[in-house]
Amino acid sequence: MSAITVGILGGGRWGYALGRAAVNAGNRAIVCTRRDGDPCPEGVEVTRDLHVLGARATLIVLAVPSTVARPVATALGEHVSGAHYIVHAVRGLSSEGLLPISTVVRQETPVKRVGALAGPVLASDLLEDRPSVLAVGSRYPEVLECTQRAFGSASLRVSVSDDLLGTEWASALVGALLVGVGYGRVAGVREPLLAGVMVRALREVCAVGVAAGAEERTFYGLAGIGDLMAAMAQNDARPEALFGERIARGEHIRAVREDMDVRLEPIELVPRVLAFAKARGITMPVFSALDAIMSGKATVEQITAQLMRP
Amino acid sequence: MVSQRMTEPTIFRFNAERRDIVDEVVTRVLAESKDPLLLLNDAAYHEIKRLESHPGDERELLGNFKNLARSLGRMGDGERQGRLEQLARMYAWDIAGNFNPKVYRFASRILPSLVGGLLSPLQTLAGGGPDMALREHLVTQGPVGDIARLAQLGTLVFVPTHLSNFDSVVFGYGLEREQLPPATYGAGKNLFTNPLLSYFMHNLGAYRVDRRIRHQLYKNVLKAYSSVLIERGYHSLFFPGGTRSRSGGVEEKLKLGLAGTGIEAMIRTAMRGRPQKVFFVPATINYQLTLESRTLVEDWLAEQGRARYIIQDDESTQLERVLTLVRKLLLTEGSIVLRFGDPLDPFGNRVTADGRSIDRHGRTVDPLSYAQRDGKLVLDATRDAQYTRELGESICEAYRRDTVLMSTHIVAAAAFEKLREAYPRLDLFGLLRHRDEVFVPRAELSRAVGELRDRARELEDRGETVLGPGVRRRGATELLDEAVRAWSGYHSLPVLIAQGDGYLLSDLKLLLYYQNRLVVSGLGYSQVRGRGATTSGGASRGPEGAV
């Protein structure tokens, strides 16, 4: 099969890592970014011009933080047509309501065929060509096929799902649970208890996701439980888990936020999910505990005591 | 009466094309039948089942299907292909309608009087112009001029809300009066049993949909027929909700069904090098009073409450109800509003008056680009089903914005809210048990009506809903009186009973029915959503309680 050109919008580590994965799969990759400084992996082209991205790539990956997803999508909208596919790699929901980023993309661009990337894959693994797995969700078969063709290689397996909304909710909410994983590990919570809490948390996340229109099975796939298992096992942690670890060490939340140069989606996501759940009569004890942790309102003893109640 | 706005509508040449259309449908169905054996088996199974329960005058057909079922296994591929063609042709002829321009011209002359007469028998008898009466009572709104222009540029697919059996008559008359071209539509075969109705429908391009036939081959023929008509420029009408709204509310989820063939039609013609544009025109049909409200809401409650609710039969005769409805509608000007929405392309994009698709930022979009894959136009059933689903969402959005709220809806919502205030802890079924128990002083109810109307007015200012003729400026008490007047005498039992200086909330189910029209804008009570809830990204189903 002939090589395709994959466009990536967003020049963070994640964007470059995806570019590397595309090159590794025998394709061309162009990263569009206005930032300087990040090292560009071998074989990946860089541009500052959105027009180049739209003109050369049919598949465009949006790899920017959720807060800027809307303005970036609006700008991209000038350079794409209905023939393009846009897949986003944002592990969060839009800050307005709990709008999936794919909806934002559809509102701001003429593109209808959208999708979302998810799963436990780490930027460092992609950059160093270590075997890993990536999930993609879309309701359009050609988006799934094209994403597989763009990134699938001997060292990256791409698993597909037609439950786009589920993929986005699972990815965002499990991302929030990772804060708890990091926190628990440093606060001295032993693995059996942590596992117990996370299984319970996964059920909460499932219930709220289903209420939002997602399919339950997606939470038990790569975008949900897969992500969680990887975080439980690995030391080379995801930013969300690192954030949890640092709070557990007693560092001040605002300081950690400023210090970590990545966007931490869970900080704003967790209270909004709790409000959404409350309005629908769903209780979320683990998410409430997470909220207490992130707002510095509770100690690990208080949280443990609360979660141990039958 | 052929309007000056349009050239002769495509439907005038329907009869000349009919054989050709049937041939095309059959060829297409055959080309897409990958497994004739499976289709034939499925058809024989369902037809034998259907015909055995009601053979009627179709005994011969039953015998044929029994023969088919017996001999299918022994047939060679060629013979199976032949039988498939035979069956497909039989169904296609059964579905295909007829259009007689003479009947059409006759009907357009007498239809206004017919409909007018139906709506205003008193005036007809008194010698007043019946057409005059209908003109006053039916109000048409929306970008009619743009729609007329688009009719010259492509095929229109009208997709209105569905509330009453009056809908097709009102819609047909609305098109005629606004000098828009007539539209063909699929009508249930049961409607063709009425000889007079059948005569008109049969000669005005309606095609027959037999809902009793459930097998795949028939569905394929029906879909192909609908697609071929759209490809050839026959403007079409579908009620995408499928059936009349049971709750009285506006459709919030659509399957689209046959209307979905609009996408296929557009892509097919483009693949043949002669793209036919297709424009979807959402519309709402709004009534101050709905003829079938009681039957419909009973049905809805039975469905909602499953075992908890028991239907009580209190039907009055149909004719009597029609006549009372007519009398009541005459009391109010603009008691029926047909409101056309902004036209959409098959992918849910807005369309300008010159037929261009635009995205939310007003950028021109080529709708055919959505059908491209690796630079080529392709048909893909899975993909198109998804596009159709999203088009359904856009149409529902249009319904929400274009729902016209009348005095009966607003007064019902205000009264229902008083009921809820009286029993704040009860759920819907609990509330409905308190018939004739809540008394609301007139001044209090009037105040509530005024407040609700003001909230609706704010929504209207933001383009989120529409207030019916006169509702915006009239006093709250006037609205209250108008609604009470409209209800009283029409419904077999009073909705609100005037008592001293106030009202007793009486027919709670009808209050619910009329207030349901406000649910879509977040102003009405909804058991599922909670009052005033806004959509926050998804369906509201899901588990209740702790997890």
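Of the 310 residues of chain A, 59% count as buried. This is a predicted model. Chain A holds 15 helices and eight strands. Among its contacts between residues at least 6 apart in sequence, 69% join residues at least 24 apart.

**Strand 6 of chain A**

- Strand 6 of chain A spans residues 113–118 and is mostly covered, with six of its six residues buried.
- Arg113(A), Gly115(A) and Leu117(A) point one way from this strand. Val114(A), Ala116(A) and Ala118(A) point the other way. Both sets are buried.
- Strand 5 of chain A (residues 85–88) runs parallel to strand 6 of chain A, and four bridges join them.
- His88(A) has Ala116(A) as its bridge partner in strand 6 of chain A.
- Between strand 5 and strand 6 of chain A, the chain passes through helix 4 (residues 101–108). This β-α-β crossover is right-handed.
- Strand 7 of chain A (residues 132–137) runs antiparallel to strand 6 of chain A, with three bridges joining the two.
- Opposite Ala116(A) stands Gly137(A), in strand 7 of chain A.

**The interface of chain A and chain B**

- An interface is often sized by the accessible area lost when the parts come together.
- In chain A, Lys112(A), Arg139(A) and Tyr140(A) lose the most area to chain B. Together they make up 20% of what that side buries.
- The contact takes 31 residues from chain A and 32 residues from chain B.
- Four salt bridges are found across this interface.

**A salt bridge between the chains**

- Side chains of opposite charge can pair when their charged atoms come close.
- Over all chains, the count comes to 54 salt bridges.
- One pair crosses between chains, from Glu145(A) in helix 6 of chain A to Arg373(B) in strand 11 (residues 372–373) of chain B.
- The side chains of Glu145(A) and Arg373(B) meet at 2.6 Å, N to O.
- Helix 6 of chain A, where Glu145(A) sits, covers residues 141–151.
- Glu145(A) counts as partly exposed because its relative accessibility is 46%. Arg373(B), at 18%, counts as buried.
- Within chain A, Glu145(A) and Val158(A) are 13 residues apart in sequence. Their C-alpha atoms are 9.7 Å apart in space.

**Salt bridges within chain B**

- Arg80(B) forms a salt bridge with Asp77(B), with the closest N and O atoms 3.8 Å apart.
- Arg80(B) and Asp77(B) are separated by about one helical turn, because they are three residues apart in helix 4 (residues 77–95) of chain B.
- Arg80(B) is buried, with a relative accessible area of 13%. Asp77(B) is exposed, at 60%.
- Glu264(B) forms a salt bridge with Arg268(B), with the closest N and O atoms 2.9 Å apart.
- Glu264(B) and Arg268(B) are four residues apart in helix 12 of chain B, so about one helical turn separates them.
- Both Glu264(B) and Arg268(B) are buried. For Glu264(B), the relative accessible area is 16%.
- Not counting residues up to four places away in sequence, Glu264(B) touches Arg28(B), Lys223(B), Ser227(B) and Leu379(B).
- A network of salt bridges links Glu17(B), Asp20(B), Glu24(B), Arg28(B), Glu231(B), Arg232(B) and Arg272(B).

- Most residues other than glycine have a negative phi.
- Asp129(A) has a positive phi, near 55°, and is not a glycine.
- Asp129(A) lies in the loop between helix 5 (123–127) and strand 7 of chain A. At 32% relative accessibility, Asp129(A) is partly exposed.
- Asp436(B) has a positive phi of about 60° and is not a glycine.
- Asp436(B) lies in the loop between helix 17 (428–432) and strand 14 (439–441) of chain B. At 38% relative accessibility, Asp436(B) is partly exposed.

**Cysteines**

- A search of the whole structure finds zero disulfides over all chains.
- Cys40(A) is partly exposed, with a relative accessible area of 34%.
- Cys146(A) is buried, at 13%.

Key:
Residues are numbered from 1 along each chain as its sequence is written. Chains are lettered from A and ligands numbered from 1 in the order in which they are written. This is a predicted model: local features need pLDDT of at least 70, side-chain atom pairs count only at pLDDT 80 or more; totals for chains, interfaces and linings use all residues. Side-chain values use heavy atoms; hydrogens and water are left out. Buried means under 20% relative accessible area, exposed over 50%, partly exposed in between (1.4 Å probe, protein chains only). Two strands pair if DSSP finds at least two bridges between them. A crossover is right-handed if, with the strands pointing away from the viewer, the path from the first strand over the helix to the second runs clockwise. A disulfide is a pair of cysteine sulfur atoms within 2.5 Å. Contact means heavy atoms within 4.5 Å. Buried area is the accessible area (1.4 Å probe) that two parts lose on being put together, summed over both.
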